[in-house]
Amino acid sequence: MSFVMACQQSGIGVHGDTLAYTSEKVRRFKYRAPDEKFITLVRTFFRSRRMPSAHRTAIYTHPDCTRHEMGHWHPESPARLQAIEDQLIASRLADFFERCEAPEAALAQISRVHTDSAIALLRDHIPTSGYYPLDEDTLLNPHSWRAALRAAGAAVAATDAVIAGKYQNAFCSVRPPGHHATPNTPMGFCLLNNVAIAARHALEVHGLQRVAVIDFDVHHGNGTQAAFKVEPRVLMASFFQHPFYPYSGAEPASSGQAKNVNLPVPAYSGGDVVRQLITEHWLPALHAHAPEMIFISAGFDAHREDDMGQMRLVEADYAWITQQIMQIAQRYAKGRIVSCLEGGYNLSALSRSVVAHLKVLAELD
Ligand SMILES: [Zn+2]
(Lines give C-alpha, C1' and ligand atoms only; values in the text may rest on other atoms or scores of the structure.)
Protein backbone atom coordinates (compact mmCIF):
# COMPACT_ATOMS: atom_id res chain seq x y z
CA MET A 1 0.00 0.00 0.00
CA SER A 2 1.31 3.45 -0.85
CA PHE A 3 1.45 6.30 1.57
CA VAL A 4 -1.19 8.09 -0.47
CA MET A 5 -3.52 5.14 -0.08
CA ALA A 6 -2.84 5.12 3.64
CA CYS A 7 -3.81 8.78 3.76
CA GLN A 8 -6.98 8.06 1.81
CA GLN A 9 -7.85 5.15 4.08
CA SER A 10 -7.49 7.48 7.03
CA GLY A 11 -9.87 9.95 5.48
CA ILE A 12 -7.16 12.57 5.02
CA GLY A 13 -7.13 14.38 1.74
CA VAL A 14 -3.67 14.56 0.24
CA HIS A 15 -2.93 17.92 -1.38
CA GLY A 16 0.22 18.92 -3.14
CA ASP A 17 3.46 17.46 -1.89
CA THR A 18 2.65 14.46 0.31
CA LEU A 19 6.08 14.37 1.90
CA ALA A 20 5.90 18.03 2.80
CA TYR A 21 2.51 17.41 4.33
CA THR A 22 3.93 14.53 6.34
CA SER A 23 7.03 16.33 7.53
CA GLU A 24 4.89 19.24 8.61
CA LYS A 25 2.71 16.86 10.59
CA VAL A 26 5.76 15.21 12.11
CA ARG A 27 7.20 18.56 13.08
CA ARG A 28 3.95 19.56 14.73
CA PHE A 29 3.86 16.15 16.40
CA LYS A 30 7.02 17.10 18.32
CA TYR A 31 5.49 20.15 19.87
CA ARG A 32 1.90 19.36 20.67
CA ALA A 33 -0.51 16.51 20.87
CA PRO A 34 -1.26 15.10 17.43
CA ASP A 35 -4.79 15.10 16.16
CA GLU A 36 -6.76 11.89 15.83
CA LYS A 37 -6.58 11.86 12.06
CA PHE A 38 -2.81 11.97 12.12
CA ILE A 39 -2.59 9.15 14.64
CA THR A 40 -4.85 7.08 12.42
CA LEU A 41 -2.73 7.94 9.38
CA VAL A 42 0.49 6.83 11.03
CA ARG A 43 -1.05 3.63 12.32
CA THR A 44 -2.54 2.80 8.96
CA PHE A 45 0.67 3.55 7.11
CA PHE A 46 2.91 1.45 9.32
CA ARG A 47 0.33 -1.31 9.43
CA SER A 48 0.48 -1.41 5.65
CA ARG A 49 4.30 -1.30 5.64
CA ARG A 50 4.42 -4.21 8.06
CA MET A 51 2.64 -6.48 5.65
CA PRO A 52 4.83 -8.70 3.50
CA SER A 53 4.62 -8.66 -0.26
CA ALA A 54 1.65 -11.00 -0.07
CA HIS A 55 -1.25 -10.47 2.27
CA ARG A 56 -1.17 -12.45 5.45
CA THR A 57 -4.81 -13.52 5.33
CA ALA A 58 -6.85 -14.61 2.31
CA ILE A 59 -10.61 -14.53 1.93
CA TYR A 60 -12.05 -17.24 -0.30
CA THR A 61 -15.52 -16.88 -1.76
CA HIS A 62 -17.47 -17.14 -5.02
CA PRO A 63 -20.61 -15.55 -6.48
CA ASP A 64 -22.20 -19.02 -6.74
CA CYS A 65 -22.39 -19.02 -2.94
CA THR A 66 -24.97 -16.23 -3.12
CA ARG A 67 -27.09 -17.97 -5.75
CA HIS A 68 -28.11 -20.75 -3.40
CA GLU A 69 -31.14 -19.60 -1.41
CA MET A 70 -33.95 -21.37 0.38
CA GLY A 71 -36.80 -18.86 0.25
CA HIS A 72 -37.19 -15.24 1.26
CA TRP A 73 -38.22 -16.31 4.77
CA HIS A 74 -35.10 -18.32 5.38
CA PRO A 75 -32.48 -16.89 7.80
CA GLU A 76 -29.61 -18.66 6.01
CA SER A 77 -29.72 -16.14 3.18
CA PRO A 78 -27.37 -14.72 0.54
CA ALA A 79 -27.57 -11.38 2.39
CA ARG A 80 -25.24 -12.85 5.01
CA LEU A 81 -22.25 -12.80 2.66
CA GLN A 82 -23.12 -9.34 1.39
CA ALA A 83 -23.31 -8.04 4.96
CA ILE A 84 -19.79 -9.32 5.61
CA GLU A 85 -18.48 -7.59 2.47
CA ASP A 86 -20.23 -4.36 3.41
CA GLN A 87 -18.81 -4.40 6.92
CA LEU A 88 -15.28 -5.00 5.63
CA ILE A 89 -15.62 -1.95 3.40
CA ALA A 90 -17.22 0.15 6.13
CA SER A 91 -14.37 -0.84 8.46
CA ARG A 92 -11.83 0.23 5.82
CA LEU A 93 -10.24 -3.18 6.05
CA ALA A 94 -11.16 -4.64 2.68
CA ASP A 95 -7.72 -3.92 1.20
CA PHE A 96 -5.90 -5.83 3.90
CA PHE A 97 -7.02 -9.21 2.60
CA GLU A 98 -6.12 -11.15 -0.51
CA ARG A 99 -9.28 -12.08 -2.40
CA CYS A 100 -9.36 -15.58 -3.85
CA GLU A 101 -12.00 -17.15 -6.08
CA ALA A 102 -13.13 -20.49 -4.70
CA PRO A 103 -12.84 -23.39 -7.14
CA GLU A 104 -15.36 -26.21 -7.19
CA ALA A 105 -14.40 -29.13 -4.98
CA ALA A 106 -13.66 -32.37 -6.81
CA LEU A 107 -15.84 -35.40 -6.18
CA ALA A 108 -12.79 -37.30 -4.92
CA GLN A 109 -12.30 -34.63 -2.25
CA ILE A 110 -15.94 -34.71 -1.17
CA SER A 111 -15.97 -38.52 -1.14
CA ARG A 112 -13.38 -38.59 1.62
CA VAL A 113 -16.19 -37.46 3.95
CA HIS A 114 -19.55 -38.12 2.28
CA THR A 115 -21.07 -41.35 1.05
CA ASP A 116 -22.06 -41.82 -2.59
CA SER A 117 -25.72 -41.82 -1.60
CA ALA A 118 -25.39 -38.50 0.25
CA ILE A 119 -23.67 -36.93 -2.74
CA ALA A 120 -26.31 -38.32 -5.12
CA LEU A 121 -29.09 -37.00 -2.89
CA LEU A 122 -27.79 -33.48 -3.49
CA ARG A 123 -26.55 -33.70 -7.07
CA ASP A 124 -29.51 -35.61 -8.48
CA HIS A 125 -32.29 -33.63 -6.84
CA ILE A 126 -31.35 -30.15 -7.96
CA PRO A 127 -34.61 -28.64 -9.25
CA THR A 128 -34.75 -26.79 -12.56
CA SER A 129 -36.89 -24.20 -10.78
CA GLY A 130 -38.30 -23.69 -7.32
CA TYR A 131 -37.10 -25.77 -4.38
CA TYR A 132 -36.49 -29.39 -3.46
CA PRO A 133 -36.88 -29.89 0.33
CA LEU A 134 -34.34 -32.17 2.00
CA ASP A 135 -35.91 -31.50 5.39
CA GLU A 136 -38.21 -28.82 6.69
CA ASP A 137 -35.52 -26.12 6.74
CA THR A 138 -32.88 -27.40 4.30
CA LEU A 139 -33.79 -26.91 0.66
CA LEU A 140 -32.15 -27.10 -2.74
CA ASN A 141 -32.64 -24.50 -5.44
CA PRO A 142 -31.24 -24.67 -9.00
CA HIS A 143 -27.86 -23.27 -7.83
CA SER A 144 -27.40 -25.25 -4.61
CA TRP A 145 -25.11 -27.96 -5.95
CA ARG A 146 -22.72 -25.44 -7.50
CA ALA A 147 -22.76 -23.36 -4.31
CA ALA A 148 -22.00 -26.43 -2.20
CA LEU A 149 -19.09 -27.34 -4.50
CA ARG A 150 -17.70 -23.79 -4.24
CA ALA A 151 -18.05 -23.74 -0.45
CA ALA A 152 -16.21 -27.04 -0.05
CA GLY A 153 -13.75 -26.04 -2.79
CA ALA A 154 -12.96 -22.83 -0.94
CA ALA A 155 -11.99 -24.79 2.16
CA VAL A 156 -9.82 -27.20 0.18
CA ALA A 157 -8.10 -24.46 -1.85
CA ALA A 158 -7.50 -22.42 1.29
CA THR A 159 -5.93 -25.48 2.89
CA ASP A 160 -3.61 -25.96 -0.08
CA ALA A 161 -2.58 -22.30 -0.09
CA VAL A 162 -1.96 -22.09 3.65
CA ILE A 163 0.04 -25.31 3.70
CA ALA A 164 2.05 -24.06 0.72
CA GLY A 165 2.86 -20.95 2.75
CA LYS A 166 1.13 -18.61 0.33
CA TYR A 167 -0.97 -17.19 3.17
CA GLN A 168 -0.61 -17.49 6.91
CA ASN A 169 -4.31 -18.21 7.27
CA ALA A 170 -7.57 -17.93 5.38
CA PHE A 171 -11.26 -17.27 5.91
CA CYS A 172 -13.84 -18.90 3.66
CA SER A 173 -16.78 -16.52 3.38
CA VAL A 174 -19.05 -19.16 1.93
CA ARG A 175 -22.46 -20.73 2.15
CA PRO A 176 -24.15 -23.18 2.42
CA PRO A 177 -22.59 -23.87 5.80
CA GLY A 178 -21.38 -27.37 6.60
CA HIS A 179 -20.98 -28.53 10.18
CA HIS A 180 -24.36 -30.27 10.50
CA ALA A 181 -23.89 -32.29 7.29
CA THR A 182 -23.00 -35.84 8.33
CA PRO A 183 -21.29 -38.30 6.01
CA ASN A 184 -24.73 -39.72 5.19
CA THR A 185 -27.16 -36.83 5.53
CA PRO A 186 -27.38 -33.15 4.63
CA MET A 187 -29.32 -31.29 7.35
CA GLY A 188 -29.66 -28.08 9.34
CA PHE A 189 -29.03 -25.68 6.40
CA CYS A 190 -25.85 -27.68 5.59
CA LEU A 191 -25.21 -29.66 2.39
CA LEU A 192 -21.51 -30.65 2.38
CA ASN A 193 -19.28 -30.51 5.44
CA ASN A 194 -16.75 -27.96 4.24
CA VAL A 195 -14.48 -28.08 7.27
CA ALA A 196 -14.44 -31.88 7.44
CA ILE A 197 -13.61 -32.12 3.73
CA ALA A 198 -10.74 -29.67 4.19
CA ALA A 199 -9.41 -31.44 7.28
CA ARG A 200 -9.49 -34.79 5.46
CA HIS A 201 -7.65 -33.17 2.57
CA ALA A 202 -4.94 -31.97 4.94
CA LEU A 203 -4.56 -35.46 6.38
CA GLU A 204 -4.77 -37.57 3.23
CA VAL A 205 -3.21 -35.32 0.59
CA HIS A 206 -0.73 -33.29 2.60
CA GLY A 207 0.10 -36.03 5.06
CA LEU A 208 -0.46 -34.06 8.24
CA GLN A 209 -0.57 -36.28 11.31
CA ARG A 210 -2.62 -34.16 13.70
CA VAL A 211 -5.19 -31.43 13.03
CA ALA A 212 -7.77 -29.69 15.19
CA VAL A 213 -11.28 -28.60 14.28
CA ILE A 214 -12.59 -25.85 16.52
CA ASP A 215 -16.30 -25.12 16.35
CA PHE A 216 -17.73 -22.05 18.12
CA ASP A 217 -21.15 -22.03 16.45
CA VAL A 218 -24.07 -21.94 18.91
CA HIS A 219 -25.15 -25.36 17.56
CA HIS A 220 -23.22 -28.58 18.04
CA GLY A 221 -21.29 -29.63 14.93
CA ASN A 222 -22.80 -33.09 14.80
CA GLY A 223 -21.76 -33.66 11.19
CA THR A 224 -18.12 -32.92 11.86
CA GLN A 225 -18.11 -35.14 14.92
CA ALA A 226 -19.65 -37.96 12.89
CA ALA A 227 -17.06 -37.52 10.16
CA PHE A 228 -14.21 -38.10 12.61
CA LYS A 229 -15.77 -40.52 15.07
CA VAL A 230 -12.99 -43.07 14.49
CA GLU A 231 -10.18 -40.65 13.64
CA PRO A 232 -7.68 -40.00 16.43
CA ARG A 233 -5.66 -37.62 14.22
CA VAL A 234 -8.47 -35.04 14.53
CA LEU A 235 -9.24 -33.24 17.77
CA MET A 236 -12.64 -31.54 17.72
CA ALA A 237 -13.08 -28.79 20.29
CA SER A 238 -16.44 -27.09 20.56
CA PHE A 239 -18.90 -25.33 22.81
CA PHE A 240 -22.60 -25.09 22.04
CA GLN A 241 -25.89 -24.24 23.65
CA HIS A 242 -27.47 -27.30 25.22
CA PRO A 243 -30.09 -28.63 25.12
CA PHE A 244 -30.56 -27.23 21.64
CA TYR A 245 -30.61 -28.29 17.97
CA PRO A 246 -29.34 -30.83 16.91
CA TYR A 247 -29.55 -32.23 20.47
CA SER A 248 -26.20 -34.02 20.26
CA GLY A 249 -22.71 -33.62 21.62
CA ALA A 250 -23.39 -33.79 25.34
CA GLU A 251 -23.11 -37.56 25.53
CA PRO A 252 -19.68 -39.18 26.01
CA ALA A 253 -17.92 -40.06 22.77
CA SER A 254 -19.10 -43.44 21.52
CA SER A 255 -15.72 -44.41 20.19
CA GLY A 256 -12.51 -44.58 22.13
CA GLN A 257 -10.75 -43.35 18.98
CA ALA A 258 -12.65 -40.07 18.76
CA LYS A 259 -11.01 -37.01 20.24
CA ASN A 260 -13.72 -34.57 21.24
CA VAL A 261 -13.78 -31.75 23.73
CA ASN A 262 -17.48 -30.93 23.67
CA LEU A 263 -18.60 -28.22 26.04
CA PRO A 264 -22.37 -28.00 26.33
CA VAL A 265 -23.41 -24.69 27.91
CA PRO A 266 -26.83 -23.57 29.11
CA ALA A 267 -28.84 -20.88 27.34
CA TYR A 268 -28.10 -17.30 28.35
CA SER A 269 -24.43 -18.06 29.01
CA GLY A 270 -22.11 -15.17 28.18
CA GLY A 271 -18.52 -14.70 27.22
CA ASP A 272 -17.27 -15.05 30.78
CA VAL A 273 -18.61 -18.61 30.98
CA VAL A 274 -17.28 -19.53 27.56
CA ARG A 275 -13.82 -18.04 28.17
CA GLN A 276 -13.44 -19.98 31.40
CA LEU A 277 -14.52 -23.24 29.77
CA ILE A 278 -12.13 -22.70 26.89
CA THR A 279 -9.26 -21.94 29.24
CA GLU A 280 -9.95 -24.99 31.40
CA HIS A 281 -10.85 -27.54 28.72
CA TRP A 282 -10.01 -26.57 25.13
CA LEU A 283 -6.55 -25.20 25.68
CA PRO A 284 -5.08 -28.13 27.65
CA ALA A 285 -6.48 -30.56 25.07
CA LEU A 286 -5.09 -28.50 22.20
CA HIS A 287 -1.65 -28.31 23.84
CA ALA A 288 -1.72 -32.09 24.32
CA HIS A 289 -2.79 -32.73 20.72
CA ALA A 290 -0.26 -30.27 19.23
CA PRO A 291 -2.14 -29.83 15.94
CA GLU A 292 -0.14 -29.19 12.78
CA MET A 293 -3.04 -27.17 11.37
CA ILE A 294 -6.26 -25.74 12.80
CA PHE A 295 -9.64 -25.55 11.10
CA ILE A 296 -12.39 -23.37 12.47
CA SER A 297 -16.12 -23.86 12.07
CA ALA A 298 -16.77 -20.17 12.52
CA GLY A 299 -20.41 -19.71 13.41
CA PHE A 300 -21.43 -16.43 14.98
CA ASP A 301 -24.96 -17.30 16.11
CA ALA A 302 -23.95 -17.41 19.79
CA HIS A 303 -23.91 -13.58 19.60
CA ARG A 304 -26.28 -11.89 22.04
CA GLU A 305 -28.10 -10.13 19.18
CA ASP A 306 -28.70 -13.36 17.25
CA ASP A 307 -32.19 -14.73 17.82
CA MET A 308 -31.27 -18.16 16.43
CA GLY A 309 -29.74 -19.06 19.79
CA GLN A 310 -29.97 -17.74 23.31
CA MET A 311 -26.34 -17.13 24.17
CA ARG A 312 -24.73 -13.83 24.99
CA LEU A 313 -21.38 -13.52 23.21
CA VAL A 314 -20.18 -10.22 21.76
CA GLU A 315 -17.54 -9.30 19.19
CA ALA A 316 -14.82 -9.07 21.84
CA ASP A 317 -15.47 -12.69 22.77
CA TYR A 318 -14.97 -13.83 19.17
CA ALA A 319 -11.75 -11.81 19.02
CA TRP A 320 -10.53 -13.40 22.26
CA ILE A 321 -11.37 -16.92 21.08
CA THR A 322 -9.54 -16.24 17.81
CA GLN A 323 -6.51 -15.01 19.77
CA GLN A 324 -6.42 -18.25 21.76
CA ILE A 325 -6.58 -20.27 18.56
CA MET A 326 -3.84 -18.13 16.99
CA GLN A 327 -1.54 -18.77 19.94
CA ILE A 328 -2.00 -22.53 19.63
CA ALA A 329 -1.48 -22.33 15.88
CA GLN A 330 1.68 -20.28 16.25
CA ARG A 331 3.12 -22.70 18.79
CA TYR A 332 2.39 -25.98 17.01
CA ALA A 333 1.04 -25.37 13.51
CA LYS A 334 3.32 -22.74 11.95
CA GLY A 335 0.35 -20.40 12.37
CA ARG A 336 -1.74 -22.35 9.84
CA ILE A 337 -5.49 -21.74 10.20
CA VAL A 338 -8.39 -22.17 7.78
CA SER A 339 -11.65 -20.73 9.07
CA CYS A 340 -15.00 -21.45 7.40
CA LEU A 341 -18.21 -19.54 7.95
CA GLU A 342 -21.00 -21.56 9.55
CA GLY A 343 -23.97 -19.85 11.24
CA GLY A 344 -24.74 -16.27 12.20
CA TYR A 345 -28.10 -14.81 11.21
CA ASN A 346 -28.38 -11.31 12.62
CA LEU A 347 -26.72 -9.51 9.74
CA SER A 348 -25.24 -6.69 11.80
CA ALA A 349 -23.94 -8.93 14.59
CA LEU A 350 -22.65 -11.45 12.05
CA SER A 351 -20.73 -8.93 10.00
CA ARG A 352 -19.25 -7.14 13.02
CA SER A 353 -18.20 -10.45 14.54
CA VAL A 354 -16.60 -11.69 11.31
CA VAL A 355 -14.61 -8.47 11.09
CA ALA A 356 -13.47 -8.90 14.71
CA HIS A 357 -12.40 -12.47 13.82
CA LEU A 358 -10.61 -11.33 10.66
CA LYS A 359 -8.79 -8.48 12.39
CA VAL A 360 -7.20 -10.99 14.75
CA LEU A 361 -6.37 -13.45 11.96
CA ALA A 362 -4.69 -10.69 9.96
CA GLU A 363 -3.06 -9.16 13.06
CA LEU A 364 -4.68 -5.81 12.38
CA ASP A 365 -5.58 -5.16 16.01
ZN1 LIG B 1 -25.49 -22.50 14.15
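This is a predicted model: local features need pLDDT of at least 70, side-chain atom pairs count only at pLDDT 80 or more; totals for chains, interfaces and linings use all residues.
1. In soluble globular proteins, nonpolar side chains tend to be buried together.

2. The surroundings of Ala155. Setting aside residues up to four places away in sequence, Ala155 touches Cys172, Asn194, Val195, Ile197, Ala198, Val338 and Cys340.

3. The overall fold. The protein has 12 helices and 10 strands. Buried residues account for 49% of its 365 residues. Of the contacts between residues at least 6 apart in sequence, 76% join residues at least 24 apart.

4. The pairing of α11 and α12. Helix α11 (residues 315-332) packs against helix α12 (residues 347-361) at an angle of about 30°, and their axes are 8 Å apart. Angles under 35 degrees count as roughly parallel, and the two helices are therefore roughly parallel to each other. The crossing of α11 past α12 is right-handed.

5. The residues between these helices. From α11, the residues Glu315, Tyr318, Ala319, Thr322, Gln323 and Met326 meet Arg352, Ser353, Ala356, His357, Val360 and Leu361 of α12. Sorted by class, this contact has 6 nonpolar, 4 polar and 2 charged residues.

6. Cis peptide bonds. Most residues other than glycine have a negative phi, and most peptide bonds are trans. The bond from Arg175 to Pro176, however, is cis, with omega near 5°; Pro176 is placed in the loop between β5 (169-172) and α8. A cis bond also joins Tyr245 and Pro246, with omega about 5°, and Pro246 belongs to the loop between β7 (234-241) and β8 (259-265).

7. Positive phi values. Ala290 is not a glycine, yet its phi is positive, at about 50°. This residue is found in the loop between α10 (271-289) and β9 (293-298), and Ala290 is partly exposed, with 14 other C-beta atoms within 10 Å. Glu363, likewise a residue other than glycine, has a positive phi near 55°. Glu363 lies in the segment after α12 and is partly exposed, with 16 other C-beta atoms within 10 Å.

Notes
Residues are numbered from 1 along each chain as its sequence is written. Axes are lines fitted to C-alpha atoms, for helices over the stretch in contact, and angles run from 0 to 180 degrees between N-to-C directions. Helices (H or I, at least four residues) and strands (E, at least two) are DSSP runs, numbered from the N terminus. Angles under 35 degrees count as roughly parallel, over 145 as roughly antiparallel, 65 to 115 as roughly perpendicular and the rest as oblique. A crossing is left-handed if the near helix is turned anticlockwise from the far one by less than a right angle, and right-handed if clockwise. Two residues are in contact if their C-beta atoms, placed from the backbone, lie within 7 Å. Ala, Val, Leu, Ile, Met, Phe, Trp, Tyr, Cys and Pro count as nonpolar, Asp, Glu, Lys and Arg as charged, and the others, Gly among them, as polar. A residue is buried if 20 or more other C-beta atoms lie within 10 Å of its own, exposed if 12 or fewer, and partly exposed in between; C-beta atoms are placed from the backbone.
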